[in-house]
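Some notes on the model follow, as numbered points. Please read them alongside the coordinates.

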Amino acid sequence: MIARHLAHPRGVFGRFVGGLMNRHNSRMNRFALELLDVKPSDRVAEIGFGGGATLAPLLDRAAHLTAVDRSQDVVAWATARYRTAIDAGRADFRTGEIEALPLQNGQFDKVCSVNTVYFWRSLSAGASEIRRVLKTDGVLALGFLPGDAMERSGYPEDIFAFRAVDDVGHALRQAGFGTVEIHRPEPGTAWNVLVAR
């Protein structure tokens with residue numbers, strides 16, 4: 001049940017699971033934002049914002065934030081929570097899937113997405129959509145736990161797609177990213193953040 005809400009948060013229990021996500025993902029989120037290095041002039045997109053832990057830091061740093069999630073409940077919560085930023089023209093929250101992002105071409109300087117690749121139906125489609133919405137010199141920070149580590153931890157394979165780092169990197173390069181770097185805060189860290197340009 002928890003795994004299903006991680007994939008697609010809904011209702012009151014979905015908000016509870018979102019709180020769990022925020023605590024569990026806090027270090028990866030911080031590391032991804034550090035690598036993304038958001039500037040005050042940047043237009044940023046977050047894909048799959050789930051519990052919303054990175055929304056406030058991104059709004060503090062960026063000129064504008066557009067956040068997309070496939071859960072209508074999560075989008076409704078964020079829209080209510082950040083109404084002031086929306087009214088000021090600094091934020092926008094949309095329901096959508098990675099394979100068909102409801103965003104215009106070449107719109108963003110930076111894109112952030114943490115712990116979402118397990119739920120992409122297609123790595124190539126997801127990578128291509130992110131490349132499409134980024135500016136030519138745009139940067140992506142993509143954080144996730146590799147498939148071998150997920151398998152050892154017993155994640156349910158009927159909900160999570162186990163993704164190898166090399167496969168994700170290959171999809172990003174095929175989508176048009178010129179460089180893909182693998183970052184971990186420490187050599188023994190199980191998860192990683194890919195920075196693609």
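1. E6 and strand E7 (residues 192–196) pair in the antiparallel sense, over 4 bridges. Two strands count as paired if DSSP finds at least two bridges between them; strands (E, at least two residues) and helices (H or I, at least four) are DSSP runs, numbered from the N terminus. Ile182 stands opposite Leu194 in E7.

2. This is a predicted model, in which local features need pLDDT of at least 70 and side-chain atom pairs pLDDT 80 or more, while totals for chains, interfaces and linings use all residues. Residues are numbered from 1 along each chain as its sequence is written, and side-chain values use heavy atoms, without hydrogens and water.

3. The open sheet has 7 strands in the order E3-E2-E1-E4-E5-E7-E6, with mixed pairing. Strand E3 (91–95) and strand E6 (180–183) are at the edges with a single partner strand each, so one side of each has no neighbour in the sheet. From one strand to the next the twist averages 15 degrees.

4. Phe108 lies in strand E4 and counts as buried because its relative accessibility is 0%. Beyond its neighbours within four places in sequence, its contacts (heavy atoms within 4.5 Å) are Arg43, Val44, Ala45, Thr66, Leu103, Val133, Leu134 and Lys135. Phe108 and Ala45 are 63 residues apart in sequence, with their C-alpha atoms 6.6 Å apart.

How values were computed:
Axes are lines fitted to C-alpha atoms, for helices over the stretch in contact, and angles run from 0 to 180 degrees between N-to-C directions. Buried means under 20% relative accessible area, exposed over 50%, partly exposed in between (1.4 Å probe, protein chains only).
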